[in-house]
Amino acid sequence: MNLGQTGDVTTKGENQGIIKKMLIAVDESEYREKIIRCGLALSKSLGADVTAVHVVDRSSLASASDLGGLLGYYEGGNLEYYEEKLRKHAEDLLGEVGAFAKKEGVNIDTEVIMNASSAAEGIINYASSKNVDLVVIGTKGMTGAKKFLMGSVTSKVSSHAHCSVLAVR
């Protein structure tokens, strides 16, 4: 195979390479800073547009129902309030990305994905709908029983996304 015929992925400008749109999936893991920095460095070197997302899936929203009486006691059972708190937390996580991007001189969009059936589905559907060329995602978002019971988000995204996926350890 002649690699010279595949295109130059580092070219900027009107002849930009094959990776034009990137998605950084931000989770709550202790490794998110590494994922963010890797995604930003790659987008900067490729001249690619980049968007960071955080998914608040239905299981997070459903836990409000599981808390039932507790939420009722503290917040009058206001599920909208709980949902808004989850959105605000997600926006705070994405604010970290914005701060890193600004420091690196990278323009970035951020978006909270609400009410997806799973984190993996939210990422896959967003990437597909926005014609993303590369998803950057961490491999260590969950551990232990949660990972065993729910499966790996990274595994699902890499198996089902329409585009390439870069898994950061």
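I looked up the contact of α4 with α6: A119, A120, I123 and I124 in α4 meet V153, K156, V157 and H160 in α6 (contact means heavy atoms within 4.5 Å; helices are DSSP runs of H or I of at least four residues, strands runs of E of at least two, numbered from the N terminus). By class I noted six nonpolar, one polar and one charged residues in this contact (Ala, Val, Leu, Ile, Met, Phe, Trp, Tyr, Cys and Pro count as nonpolar, Asp, Glu, Lys and Arg as charged, the others, Gly among them, as polar).

The model is predicted: local features need pLDDT of at least 70 and side-chain atom pairs pLDDT 80 or more, while totals for chains, interfaces and linings use all residues. Residues are numbered from 1 along each chain as its sequence is written, and side-chain values use heavy atoms, without hydrogens and water.

I then took the axes of α4 (residues 119–129) and α6 (residues 153–160), which come within 9 Å and cross at roughly 30° (axes are lines fitted to C-alpha atoms, for helices over the stretch in contact, with angles from 0 to 180 degrees between N-to-C directions). That makes α4 roughly parallel to α6 (under 35 degrees is roughly parallel, over 145 roughly antiparallel, 65 to 115 roughly perpendicular, the rest oblique).

Next I checked α1 and α3 (residues 79–104), which pack at about 40° with their axes 10 Å apart. That makes α1 oblique to α3. R32, E33, I36, R37, L40 and K44 of α1 make the contact with L93, E96, V97, F100, A101 and E104 of α3. I recorded six nonpolar, no polar and six charged residues there.

Last, I looked at the second largest pocket, lined by 17 residues, with A48, D49, V50, T51 and N107 nearest its centre (a pocket is an open set of points on a 1 Å grid over the protein atoms alone, where a 1.4 Å probe fits, with protein on both sides within 12 Å along at least five of seven lines; lining residues have an atom within 4 Å of a point). β1 (21–25), α1 (32–46) and β2 (49–57) each give two or more residues to that lining. I noted seven nonpolar, five polar and five charged residues in the lining.
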